[in-house]
Structure formats: structure tokens, C-alpha cells
Amino acid sequence: MKIIVCAKQVPDTTEVKIDPVKGTLIRDGVPSILNPDDANALEAALQIKDADPDTTVTIVSMGPPQATEMIRECLAMGADNGILLSDRAFGGADTIATSSQIAAAIRKIADYDIIFAGRQAIDGDTAQVGPQIARRLGLPVVTYVQKIREFKDGKVIVERQLEDGYEVLEVQMPCLLTAVKELNTPRYMTVHGIMDAYKADIPVWNHDDLGLAPECCGLNASPTQVLRSFTPAPKGKGEMAAGSVKDMTETLVDRLNEKHLI
Amino acid sequence: MNAYLEPKHEMVRKLVRQFAETELTKEVIDEIEETHEYPKEIFDKMAKCGFYGMRVPQELGGQGADYRSYVIMAEELARVSVVSNIWATTPNSLAGGPILNEGTDEQKEKYLKPVMNGEMKICFALTEPEAGSDPSGMTTTAVKDGDDYILNGRKCFITMAPIADYAIVFARTNPDPKAREISAFIVDMKLEGVSTGAPEKKMGVIGCPTSDVILNNVRVSKDALLGEEGSGLRNALATLDVGRMACAAQAVGVAEAALEEAIKYSKERKQFGKPLCKHQAIAFMLADMATEVEAMRGLLYQAAWMKDKGSKEVGKFASMAKYYCAEKANEICGKAVQIHGGYGFMKDYKVERFYRDARVMTIYEGTSQVQQMVISRAILK
């Protein structure tokens, strides 16, 4: 099987602070990490490879040149190769432009059975790029995949997470699946993998490689306009109930009564 | 980033730190301290990450990493749990080292691979009650008997002996004490005549058993000989050469952790109406500790870099790193306890464990005084 995993290098938001005046993220000195949901997407691909060693796993990522470090991390976990889409022209891309560029790269790769993506990236939180790539490639898409049940007759049967349960879906391959954290626990890199990853050649594709004109990329092709960004006022500190379920239930009912909510 | 390190070394750090912080939780460490048992599950997970065959070439099934990667692994594991680092470095140095140095292809296949996969444990039986810093004074003998050798003697303070499958035993193959003819043998711990003493009750590094190995007329075939007859001491010293660097690395790790805890505590704890860190006496202690940690790190990475580059002077620098890092780790852990005051004396705080774990670092893998001998000989040549 041939698998493509879309991965993004993101700032570790647990360490990001917000500029109180501008309302923007202060990214200076914040470590960059593999987007957590994308690590689940990669793990899903690697588990398929564990079961069928003929599987190849290719990472596609768009970002600045330093995102090759994240691709190397994916290789050290077990991916076979990686491609970085990096070009000044890609800068300022919203989800529409991003998905256009990634879809162009996947068209160029041409041969694939499944595309995995994370549900969403922790910096933008849109959850749009995966489904948009599928739309552009004309592929079926299942979002919020929490379990891959089996492969049968060119189809994959998955569980899709819902708020109060899950649904079971059968999808014709090639298809695009977006992973949630419940899908698996990403594996560690191996030392052997790290050593190999630093010997690997990671090609960098620009707009010419993707056959896209600069005006069809990045900010030029992004209809999204950010008018203002701001930090929502923090909510008041919550109260944690403790004790047995019965105790906690009583506490909760008391509080709701006090506030005349019930 | 340190000038001696490359991006791949930082990636190794990322892996080991992620592993240590995820797996070696407070609960796990408390359990080890309580039961003196190391969880098999974590031992197996370390094998999967490749921590046991760091320097072994990939063609032999190892990780193909360099010395800088190796010391970073030791540093990062020791930063969270020194005993975990002992579990990880022993297969690399004491168990795997002698076989990698002088083993035949068959011996590498039979012993090195399972050691790297975590399927076999081998202990390194060099020290004797009367032969510690001077291993050439050992009295264990191996007497040729046809195609076999008969081993007799007693080894002490042998890390992992009670649970080892095999021991690399160093023994005299020439009874003349002046001959210094010492050979290494791979001895099956299940052989008749091999026994171990009760696990020692140690001050620190709890969770990895240490005991005597007693050899009473143990018959081994000539296939058990590791290297040539008489090459044992050379092999042991070459192994300890590598061990010195890993020991320096674990000293750096535990010192870093002690410093982090001391900084954290000094910000939280208030006395005389302000946090401890706002008192100059404490702030200056922290400044000294931080400066020393950086100096330790610099010396360690330089020594590992020299080893990677094949420098002839590495022996002196490895000894300097081991000597300086081990001594300073003790001082820094002591200061961290001091900053914690009475709480630092209690087992509820990590620095109590760091202090106990650091103590052995100036002793094993060549005492500070042996390192001073090596360094002084090198500079007085």
C-alpha cells in the first residue's frame, strides 16, 4: 500500500504566550513540534506498514525550510520519505491556498491508496485543510477517524468519532482520513531511525515544481482576511468537585440549586 | 545549541527526554525506590527505542550512533532517573563493550544481538575484594585443562549479577602475579560452580541489583575466551574508557535535574518575607551551580566529540570529564539539598534521591583519584 501523511510543524502551544497589546501569539523562542494530531495520522500509517512491510509512507509538509527537522522526526519514527513544500510564494497561505498547494503536490506524487491528515493543527485549529485536499483531488473523505477496523476489497472500514458515540463507515480507496488522538498512541522515534533520517535527502518543492503560478499561491490566493485577533477574556476559575461520584453529584446539585439553575 | 553538537544529537535528546518524561513518572520512580525492582515494561521499551546498542554498527543490528548521541542518551535518562540510565548504559558499555571490542563474529551474533534487543543480560565481572582501582591485582584464575579452562575466584560489586544470564569474567591465565596476563571469558551463569551473593544494600541507584559472583571450579570451553589469551586487561580498560564518558554524562544529567529543582523550590519557598531566590546567599549558590553545569556539559561534549573524531588525546579528556562532572555533581546535589533545607532531607523531594544517586559517581567506573592519576600522567609525560 502507498500512504501519504500530511504533517505540519507547529509552535508548541503549551509554551506560547499571547502579546497582551497586539493580541497575537509570541512565537519567539517557542519550540516547534510535529502537530499532535498529525503524529496520530503518522502512527496510523506506520501501523499499516507494520502489518504489511511493502507499504511505503511518504510525508508531505508545507512550511519554512526548518520544517525539514520535523520531517526528519517523522522519518525517525518510521516514515520512508518526505517532501517539503517551501517557497516564499507560499507565505501567508490560508486553508484554501494551503490545500491547493498540498493537493498539487499529491497530484504530482500520483500513486497513493490513502492520505492521512491530522484532524486539525494546534496553531490554527481550523480542521479544514484535510477535507479541502480531498475535495480538490475528488476523493472521499472521513474526518475524525478514531479506529481503522479493516481493509477489504479496496475499501477501508473506519469508525468516525461523534460527540456521543461513533459511526462505522466503509470508504472506497483512494481516500483521505483525518485522525483524532483517540486513534492510537504515537510511537517513539528510534535512535537507528534518527541516524538514518539525517542521511536522508528531503526534496524541497517550490511553486514551479507544483506547476502553480505565484499568483495562485500563498497570500495572493488566500481569500481569508484577518481583521483583528484578540484574546478572549479568561473565564472565572472553575470549582473541582472531589470525593465519590455520589459526593460529587450532591455538590453539583447544591451548586446548581444555589444559582437557581435547577 | 552547543558547538560540539549537530542537529541529529538534539533529535536524540528530544527522543530520550520525551521517553524519560513520559515513562519515568513519579509513581514509577517511587515504586522502584520502594520495591527495588525495575519494571520490565520500561526495560523492554528502552530496548525498542534502541538505547542498548547505541554505538554498535547498523550492519551488526545496532543503532549506528556516535559517542555524542550516546552521552546525550545517558545525560537525559539520568536527568530523570539515574538507575534507568544504569539499565541503559550497561548493555552498551559493560556488557556489549568487551564483545564489540574483541568478540568473534559468532560471539557477536550469539551475545551482542540479544543484549541489544533486551533479551539477554550480561554483567561485567572485573572488581574483586582486593582489586578495585588496580584490577591487575586480581586473584581469580583460569587454568587450562585440555581444551577447557577451570575458573576459580570471587568478584564483588558486580552490577546486575543476580539477574544476569552471562558474566564477562576477567581472570589470570598466568599464575605469576607479575605477569599481568589477564584474559576475559564469557561465562554462563547457570554453569555448575557459578553462584552469586545476596544483592548488596546500597545507598543509591536503587533498582538495579549488585552482588558478588563466586566461581568455584567452573569449567568453560575455549570458545568462551573473549579475544586472545592475555588480552583481557586491555579489553577491560578499553571498555571502562567508554564507561567513563557515560558516567560523566549521568553526572551532568543528575546535576541539571538538581539545579532545576533547586531553582523551582527557591522561587516557591518564602522566608523572611521573600522567596529564597531573592536572598543573595541562595541566588549566588544557584549562579555557581548553573555555571558549573555548563562547564560540565562543555567538557563532556568536547570529550565525546574528540572520541567521534578519533583524537589521540581523548583518554585525558574523558578522564577530565568523568572526574570534574562526578565531583561537581556531588557538590551541586549537595547544594540543592541545602537550598531545600529540611525538606531536602525528606524522601518526598527529588533532591534526596539525586544526592544519594550522585554519591557513587566519584567511585565507580574509576574513582576520582584514578582519573587524577590518568590526567596527571598525561600532562607530566
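Is A:Lys155 buried, partly exposed or exposed? In this predicted model, A:Lys155 is partly exposed, with a relative accessible area of 28%. Its side chain meets that of A:Glu170 in a salt bridge, with an N to O distance of 3.7 Å. Because A:Lys155 lies in strand S10 (residues 155-162) of chain A and A:Glu170 in strand S11 (residues 165-172) of chain A, the pair ties together parts that are 15 residues apart in sequence.

**Salt bridges**

| Pair | N to O distance |
|---|---|
| A:Lys2 and A:Asp111 | 3.7 Å |
| A:Asp50 and A:Arg187 | 2.8 Å |
| A:Lys155 and A:Glu170 | 3.7 Å |

The salt bridge between A:Lys2 and A:Asp111 links distant parts of the chain, since A:Lys2 belongs to strand S1 (residues 2-6) of chain A while A:Asp111 sits in the loop between helix H3 (95-109) and strand S8 (114-118), 109 residues apart. A:Lys2 is partly exposed at 37% relative accessible area, and A:Asp111 also counts as partly exposed, at 45%.

The side chains of A:Asp50 and A:Arg187 likewise form a salt bridge, and this pair too joins distant parts of the chain: A:Asp50 is in helix H1 (residues 36-51) of chain A, and A:Arg187 is in the loop between strand S12 (175-179) and helix H5 (191-197), 137 residues apart. A:Asp50 is exposed, with a relative accessible area of 51%, whereas A:Arg187 is partly exposed, at 26%.

In chain B, salt bridges link a network of residues that includes B:Glu10, B:Arg13, B:Arg17, B:Glu75, B:Arg79 and B:Arg297.

**A helix pair in chain B**

The axes of helix H4 (residues 67-80) and helix H5 (residues 82-102) of chain B come within 6 Å and cross at roughly 155 degrees, which means that H4(B) is roughly antiparallel to H5(B). Among the residues making the contact are B:Tyr70, B:Met73 and B:Leu77 of H4(B), and B:Val82, B:Ala88 and B:Asn92 of H5(B). The contact residues divide into eight nonpolar, five polar and no charged.

**Cysteines**

The count of disulfides over all chains is zero. The sulfur of A:Cys6 is 11 Å from the closest cysteine sulfur, in A:Cys74, and so is too far for a bond; A:Cys6 is buried, at 8% relative accessible area. The sulfur of B:Cys277 is 20 Å from its closest counterpart, in B:Cys333, again too far for a bond, and B:Cys277 is partly exposed, at 23%.

Methods. Residues numbered from 1 in each chain as written. Chains lettered and ligands numbered in written order. Predicted model: local features only at pLDDT ≥ 70, side-chain atom pairs only at ≥ 80, totals over all residues. Heavy atoms only, no water. Disulfide = S-S within 2.5 Å. Buried < 20%, exposed > 50% of the residue type's maximum accessible area, 1.4 Å probe, protein only. Axes fitted to C-alpha atoms, helices over the stretch in contact; angles between N-to-C directions. Helix = DSSP H or I, 4+ residues; strand = E, 2+ residues; numbered from the N terminus. Parallel < 35°, antiparallel > 145°, perpendicular 65-115°, else oblique. Contact = heavy atoms within 4.5 Å. Nonpolar A, V, L, I, M, F, W, Y, C, P; charged D, E, K, R; others polar. Salt bridge = Lys/Arg side-chain N within 4 Å of Asp/Glu carboxyl O.
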